[in-house]
Amino acid sequence: VTSVPHAKTSIAGDGAPPRVVFHCFAGDEQAAARVVEAGWYVSFAGTVTFRNAPGLRAACAVVPLERMVLETDSPFLSPHPYRGRPNRPGRVGVTAQTVAEIHGVGVERVAEATTATAAEAFRLDLDGHACEIIRSSEISSPERNGLAWIARHRHADEIAISDNGIG
């Protein structure tokens, strides 16, 4: 769903689907509050990091982490300072850092909460999985840019890097 009016029109005709996620949310504070009040999810991408997006950061501030997911929308919407370049999944950590600053919490809290929210919103089974944030220096990657999100299976050596912290 891309806008609150679009969602209301769709719901008026067909009724609400079981889950509604506002992909790459670009609304204002009031729209974000309406989405949350309706029990829906809000997804933020790299745009929340843009210097010219104080309204989007205000919207982010009213969305509880338990109703929020993070995404890259790769290859689009790279966060600042990568704006204008193709986005990559590992850059979701830059977005998470901005969200952490907005909410006044640690980035670890953002990782835990948004991973749990994504699992709920998308009906993902995380049984036996733990969300961790690791320094990108621990990841073999041509682009080491701060934080990367991983989901690591506790009983295996599988690691997957993904947009929303789950592999």
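Helices (H or I, at least four residues) and strands (E, at least two) are DSSP runs, numbered from the N terminus. This is a predicted model, in which local features need pLDDT of at least 70, side-chain atom pairs count only at pLDDT 80 or more, and totals for chains, interfaces and linings use all residues. Residues are numbered from 1 along each chain as its sequence is written, and side-chain values use heavy atoms, with hydrogens and water left out. Three strands form an open parallel sheet in the order E1-E2-E3.

**The sheet**

- Two strands count as paired if DSSP finds at least two bridges between them.
- The edges of the sheet are strand E1 (21-22) and E3, each of which pairs on one side only.
- Two bridges link E1 and E2 in the parallel sense. Val21 stands opposite Tyr41 in E2.
- E2 and E3 also run parallel, joined by three bridges. Ser43 has Val69 of E3 as its bridge partner.
- In a regular strand, side chains alternate between the two faces of the sheet.
- E2 is covered on both faces: Tyr41 and Ser43 are buried on one side, Val42 and Phe44 on the other. Buried means under 20% relative accessible area, exposed over 50%, and partly exposed in between (1.4 Å probe, protein chains only).

**Crossovers and the helix across the sheet**

- E1, H2 and E2 make a right-handed β-α-β unit. E2, H3 and E3 make a right-handed β-α-β unit too.
- A crossover is right-handed if, with the strands pointing away from the viewer, the path from the first strand over the helix to the second runs clockwise.
- H5 lies across E1, E2 and E3, and runs at about 100 degrees to E3. Such angles run from 0 to 180 degrees between N-to-C directions, with axes as lines fitted to C-alpha atoms, for helices over the stretch in contact. Contact means heavy atoms within 4.5 Å.

**Nonpolar cores**

- A nonpolar core is a set of buried Ala, Val, Leu, Ile, Met, Phe, Trp, Tyr and Cys residues joined through side-chain atoms within 4.5 Å.
- The largest core has 27 residues; Phe25, Phe44, Met68, Leu70 and Val99 touch the most other members.
- At least two residues of this core come from each of helix H2 (29-37), strand E2 (41-44), helix H3 (54-61), strand E3 (68-70), helix H4 (92-103) and helix H5 (107-121).
- A second, separate core has five residues, including Val21, Val69, Ala118 and Ala121.

**Helix H4**

- Buried residues in H4 include Val92, Gly93, Val94, Thr95, Ala96, Thr98, Val99 and Ala100.
- Gly104 follows H4, with a positive phi near 65 degrees.

**Loop details**

- The loop between E3 and H4 holds Pro75, Pro81 and Asp73.
- A cis peptide bond joins Ser74 and Pro75, with omega about 10 degrees. The bond from His80 to Pro81 is cis as well, with omega near 15 degrees.
- Asp73 is not a glycine, yet its phi is positive, near 55 degrees. Asp73 is partly exposed, at 21% relative accessible area.
- Arg123 lies in the loop between H5 and strand E4 (129-135). Arg123 has a positive phi of about 55 degrees, although it is not a glycine. Its relative accessible area is 53%, so Arg123 is exposed.
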